[in-house]
Amino acid sequence: MKLTNNEVLITGGTSGIGLALAIELSKRGNKVVVIGRNNDRLAAVQAEHPEILTFQGDVADRQSLVVLQEWLPNNLPNLNIIINSAGIMKPHNLLDPDLDLDELLSDIHINLVGTITVDKLFLPQLIRQKEAMIVNISSGLAYLSSAPHPTYSASKAGVQMFTSALRDQLAYAHKDNVHVMELVPPLVAETNLENVTASNSFSNMDLNDLINVAIKGMEQNKHRVNAGAAKMLRKMRNTAADRTEAMMAKESLKLYFPEGL
Ligand SMILES: NC(=O)c1ccc[n+]([C@@H]2O[C@H](COP(=O)([O-])OP(=O)(O)OC[C@H]3O[C@@H](n4cnc5c(N)ncnc54)[C@H](OP(=O)(O)O)[C@@H]3O)[C@@H](O)[C@H]2O)c1
C-alpha cells in the first residue's frame with residue numbers, strides 16, 4: 001500500500017511505537033489522529049507536532065469509543081488506516097491474595113478487548129475505502145508466555161489469533177481492499193511500556209529500526225511482520241510446540257489404541 005495521502009487513526013499514539021509511527025506517517029504526507037488517555041501526553045504531542053491531531057480516549061471504555069466514532073467523520077472523513085498500538089504490560093503475582101481482579105484483567109481489556117473493539121467499530125468505514133489497512137500490534141510474547149506477565153502474554157496471543165481471523169474473514173468475503181497486518185515487536189527499550197526487562201536485554205530492538213521494518217511491511221501489505229528477535233521467539237515456540245505435540249500424540253495414541261494401529 002502506498003503510504004501517502006492516507007487518513008490514519010493510531011490508538012496509543014502519544015508515546016513509544018505509536019507516537020513514532022504517527023510522526024513517520026505524518027512526515028510522509030498522511031493525515032494522522034492519535035488517541036491516548038493522558039491529557040499531558042496529548043498536549044505534548046500537540047505542542048511538538050501540531051500537524052498531528054489528538055483525541056482523548058480510552059480503548060477499554062466503549063462509551064469513549066462511541067464519542068470517537070462521532071468525532072472522527074469531521075476530522076478524518078476518509079479514514080483508511082487503523083493502527084492499534086494502545087497497550088499496557090504489568091507484572092501480576094497470581095498467588096497474591098490481595099491481587100485486584102480489575103488490575104489483573106486490565107491488560108486483557110486494553111490490549112485485546114480494546115483492539116477488537118476498535119477494529120470492529122471502524123471496519124465498515126474501512127471497507128468503503130478504495131484501499132485500507134488495519135495494523136494490530138501484538139508482541140514476541142504472543143509466542144512464548146512471560147510468567148511475570150500472565151495476562152499480557154494471554155492478551156497478545158489473543159491479538160494474534162483475532163488478527164488472523166479478521167484477515168481470513170475479509171479474504172473469504174472478497175474484501176481485498178482491506179489489508180490486515182500484525183506487527184510483532186520484540187523488546188523495544190525506548191518506550192514507556194516496561195523498562196525492567198527491555199533495558200537489560202540483548203534482544204532489545206532500536207525504535208527507529210522497528211519503525212523502518214513496520215513501514216516496509218505496510219508498504220508490502222505483509223500479513224505478519226516478526227521484527228528483530230521476534231523471529232527467534234517464533235522459531236522457539238515452534239520447536240517447543242512440536243516436542244509437546246509429539247509427546248501428547250504418543251500418550252493419547254496409546255490410550256485410544258492400546259493394541260497399536
Ligand atoms: N516496547 C516493547 O518492548 C514492546 C514489545 C512488544 C510489543 N509492544 C506493544 O507495542 C504497543 C505500544 O507499546 P509501547 O512500547 O509504545 O508502549 P508505551 O510507550 O507505553 O505507549 C503506549 C501507548 O498506549 C496508550 N494507552 C495505554 N492504555 C490506553 C488505553 N486504555 N486507551 C488508549 N490509549 C492507551 C498510552 O497513553 P496513555 O497511557 O496516556 O493512555 C501510550 O500512548 C503495545 O501494544 C505493546 O504491547 C511493545
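**Entry 1: helix α7**

I began with the face of α7 turned away from its buried side, and found that it carries the exposed residues N208, D209, K216 and E219. Helices (H or I, at least four residues) and strands (E, at least two) are DSSP runs, numbered from the N terminus.

I note here that this is a predicted model, in which local features need pLDDT of at least 70 and side-chain atom pairs count only at pLDDT 80 or more, while totals for chains, interfaces and linings use all residues. Residues are numbered from 1 along each chain as its sequence is written.

Which residues of α7 are buried? I listed L210, A214, G217 and M218. Seen down the axis of α7, these buried residues fall within an arc of 100°, so they line one face of the helix; the arc is that of the directions from the helix axis to the C-beta atoms. An α-helix has 3.6 residues a turn, so residues three or four places apart point the same way.

I then looked up what this buried side meets: the buried residues of α7 pack against α1, β5 (132-137), β6 (178-184) and β7 (224-226), contact being C-beta atoms, placed from the backbone, within 7 Å. As a check on length, the 13 residues of α7 (residues 207-219) should span 18 Å at 1.5 Å a residue, and the end C-alpha atoms are 18 Å apart, which agrees; the expected span is 1.5 Å times one less than the number of residues. Just after α7, I found N221 with a positive phi of about 50°.

**Entry 2: helix α4**

I repeated the length check on α4, whose 27 residues reach 37 Å from first C-alpha to last, close to the 39 Å expected at 1.5 Å a residue. Where does α4 kink? I placed a kink of about 35° at L121, shortly before the proline P124, the bend being the angle between axes fitted to the seven residues ending there and the seven starting there. The buried residues of α4 include D107, N111, T115 and Q125, and also I110, L112, V118 and F122. I see the buried residues of α4 packing against β1 (7-11), α3 (62-75), β4 (81-84), β5, α5 and β6.

T163 sits in helix α5 and is buried, with 27 other C-beta atoms within 10 Å. Leaving out residues up to four places away in sequence, I found T163 touching N136, V180 and E182. A154 is also in α5 (residues 150-172), yet A154 counts as partly exposed because it has 16 C-beta neighbours inside 10 Å.

N177 lies in the loop between α5 and β6, and I scored N177 as partly exposed, with 16 other C-beta atoms within 10 Å. The C-alpha atoms of N177 and I127 are separated by 7.0 Å, although the two are 50 residues apart along the chain.

**Entry 3: the ligand shell**

I counted 32 residues around the ligand, the closest being G12, G16, N38, G87 and T191; a residue qualifies if its C-beta atom, placed from the backbone, lies within 6 Å. The elements giving two or more residues to this shell are α1 (16-27), β2 (31-36) and α4 (101-127).

Note on methods. A residue is buried if 20 or more other C-beta atoms lie within 10 Å of its own, exposed if 12 or fewer, and partly exposed in between; C-beta atoms are placed from the backbone. Two residues are in contact if their C-beta atoms, placed from the backbone, lie within 7 Å.
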